[in-house]
Amino acid sequence: MKPRQSKIVPQKDLFQPQLLDIINPNHPLVRLAKIIDWNLLDNELGVHFATVGAAALPTRLMAGLLYLQHLHNLSDEMVLEQWLESPYYQYFCGETFFQHNFPCHPTSLVKWRKRLGEEGCEWLLTQTIQAGLKLKVIKPASLKRVVVDTTVQEKNITFPTDAKLYNKARQQLTQVAKEQNITLRQTYDKACHELMPKIGRYGHAKQYKRMKKAIKQVKGFLGRVLRDIDRQVKRQGLTLTQKQEDTLNQAYRLLKQTRQSKNKLYSLHEPNVDCISKGKAHKRYEFGVKASIAVTAKESFIVGARSYPGNPYDGHTLKDQLQQVETLTGKKPETCFVDRGYKGSGVEDINVLIAGQKRGVPKKEKHWMGRRNSVEPIIGHLKSDGKLRRCFLKGVLGDAINVILSACGQNLRKLLKWLYCAPYFGPFLRRLWLKIIFPLERPKNSMALLA
């Protein structure tokens with residue numbers, strides 16, 4: 001059923017003080033909670049829920065928890081523990097009185113992320129952009145110029161090696177045989193238990209011939225177990241589940257792939273992981289998914305974030321990324337600044353300026369070319385302060401959700417810093433304007449001065 005509405009208490013409780021009587025009304029989280037349009041989120045996110053069954057948790061509670069989680073880089077369990085201790089967290093999530101019990105189970109956040117999907121998370125990002133426009137952190141004119149760049153969002157997998165993949169696939173096949181009551185000729189558990197440590201020691205001692213021979217043995221054990229299961233399944237006429245079929249297919253895929261193969265299998269529990277090389281000196285290869293980030297050229301405010309499985313060419317992602325920016329902001333960008341990896345993007349209706357380009361650059365945009373690098377520190381903040389460094393969510397959908405919610409967290413950090421600094425720097429800037437800038441731009445007549 002659709003999410004239930006938050007409880008509206010018309011009067012105060014004699015024995016329980018309201019949160020408004022406890023908290024500081026000028027706290028940035030309190031002011032930000034009044035700016036976000038929670039009713040719009042409730043209407044748009046309610047589409048993802050059925051009309052029958054038990055009512056879901058309130059939208060403001062779950063959306064607020066997702067915001068706070070990516071704002072402070074917290075896990076599902078930790079954000080609920082912080083919520084239980086902080087009255088500001090509870091007020092941000094729509095509570096009226098201070099609560100002493102957990103609002104939900106940590107798995108509720110998992111279910112809500114799956115239910116919302118990529119489209120629902122884009123609505124959360126849209127609200128942070130609208131909040132930035134209301135607070136004048138970004139101006140509507142800033143949406144005309146955007147900067148786009150890509151990075152790698154690594155997946156939470158171990159570094160892939162042939163020996164580990166072969167051994168893990170063999171263990172999964174023996175588990176399938178146990179579930180189907182298949183008696184194998186040999187499981188090779190003892191042999192692999194002795195070989196796996198030797199492979200690491202051979203590599204450390206640079207005895208590569210011995211290492212390759214041991215890896216070949218582990219691969220042979222995998223092939224024997226796989227063929228044994230396949231023969232007995234056909235002979236006995238057994239029916240495998242979809243999960244068991246996927247396990248056998250992954251084993252066949254491992255045995256067939258070579259060093260020159262395309263679309264290799266790097267992880268058994270995350271088969272859609274790509275090997276991406278971005279030319280970093282300290283990290284030659286990264287295993288994850290390509291993520292595209294779009295920010296405004298002036299304020300470096302994130303207005304678009306997407307993931308692209310399959311490691312596509314950067315130029316082929318630009319058109320789709322600019323379309324998302326137009327969808328989230330409601331305005332089509334006029335100029336886009338990119339690096340040299342976007343050559344041949346094929347975007348014609350938007351002026352795409354590549355770093356180092358000399359010809360065809362309008363005079364108005366020449367001084368904006370230096371802002372191309374402004375997206376790099378934003379990507380750094382997304383990885384150091386947010387959750388973009390390593391994705392712990394499952395599958396391709398988890399990659400897409402994590403990229404968008406990480407962008408929400410970065411925008412919220414910028415909004416809170418603006419709300420925190422505005423009371424202090426606002427009077428100073430006003431005095432500076434009255435003393436220096438206003439005398440230079442003084443109106444000529446008194447009517448203009450009054451205006």
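Author: One definition before we start: helices (H or I, at least four residues) and strands (E, at least two) are DSSP runs, numbered from the N terminus. Also keep in mind that this is a predicted model.

Reader: Okay, where does N311 lie?
Author: Look between a strand and a helix, β4 (302-308) and α11 (314-329). N311 is not a glycine, yet it has a positive phi of about 55 degrees. Its place is the loop between β4 and α11.

Reader: And is N311 buried, partly exposed or exposed?
Author: Buried would need under 20% relative accessible area, and exposed would need over 50%. N311 has 31%, so it counts as partly exposed.

Reader: N263 has a positive phi too. Is that residue buried or exposed?
Author: N263, with a phi near 50 degrees and also not a glycine, lies in the loop between α10 (242-256) and β2 (274-276). The cut-off for exposed is over 50%. At a relative accessible area of 68%, N263 is therefore exposed.

Reader: Let's step back. How many helices and strands are in the chain?
Author: The chain has 451 residues, and buried ones make up 46% of them. Its C-alpha trace spans about 100 × 70 × 45 Å along the principal axes. As for the elements, the count is 15 helices and seven strands.

Reader: How far apart do the C-alpha centres of domain 1 and domain 3 lie?
Author: The chain is divided into domain 1 (19-122), domain 2 (139-157 + 275-403) and domain 3 (162-265). Notice that domain 2 is given as two stretches, 139-157 and 275-403. Between the C-alpha centres of domain 1 and domain 3, the distance is 45 Å.

Reader: How do helix α2 and helix α3 lie relative to each other, roughly parallel or roughly perpendicular?
Author: The axes of α2 (residues 38-45) and α3 (residues 59-71) come within 9 Å and cross at roughly 105 degrees. Angles of 65 to 115 degrees fall in one class. So α2 and α3 are roughly perpendicular.

Reader: Which residues of α3 make that contact?
Author: From α2, the partners are W38, L41, D42 and L45. By class, the contact has five nonpolar, two polar and two charged residues. Y67, one of the α3 residues here, also touches F92, L124 and C408, among others, once residues up to four places away are set aside. The α3 side of the contact is T59, R60, A63, G64 and Y67.

Reader: Is A297 buried or exposed?
Author: A297 lies in the loop between β3 (286-296) and β4. Setting aside residues up to four places away in sequence, A297 touches R145, V146, V147, F337, W368, R371 and S374. With a relative accessibility of 1%, and a cut-off of under 20%, A297 counts as buried.

Reader: What separates the C-alpha atoms of M369 and A297?
Author: M369 is in the loop between α12 (363-366) and α13 (375-384), and at 18% relative accessible area it is buried. Leaving aside neighbours within four places, its contacts include F337, L353 and V361. Along the chain, M369 and A297 are 72 residues apart, but their C-alpha atoms are separated by 9.2 Å.

Reader: And how far apart in space are A297 and L255?
Author: In sequence, A297 and L255 are 42 residues apart. C-alpha to C-alpha, the distance is 48 Å.

Technical notes: Residues are numbered from 1 along each chain as its sequence is written. This is a predicted model: local features need pLDDT of at least 70, side-chain atom pairs count only at pLDDT 80 or more; totals for chains, interfaces and linings use all residues. Side-chain values use heavy atoms; hydrogens and water are left out. Contact means heavy atoms within 4.5 Å. Axes are lines fitted to C-alpha atoms, for helices over the stretch in contact, and angles run from 0 to 180 degrees between N-to-C directions. Angles under 35 degrees count as roughly parallel, over 145 as roughly antiparallel, 65 to 115 as roughly perpendicular and the rest as oblique. Ala, Val, Leu, Ile, Met, Phe, Trp, Tyr, Cys and Pro count as nonpolar, Asp, Glu, Lys and Arg as charged, and the others, Gly among them, as polar. Buried means under 20% relative accessible area, exposed over 50%, partly exposed in between (1.4 Å probe, protein chains only). Domain bounds come from an automatic or database domain assignment.
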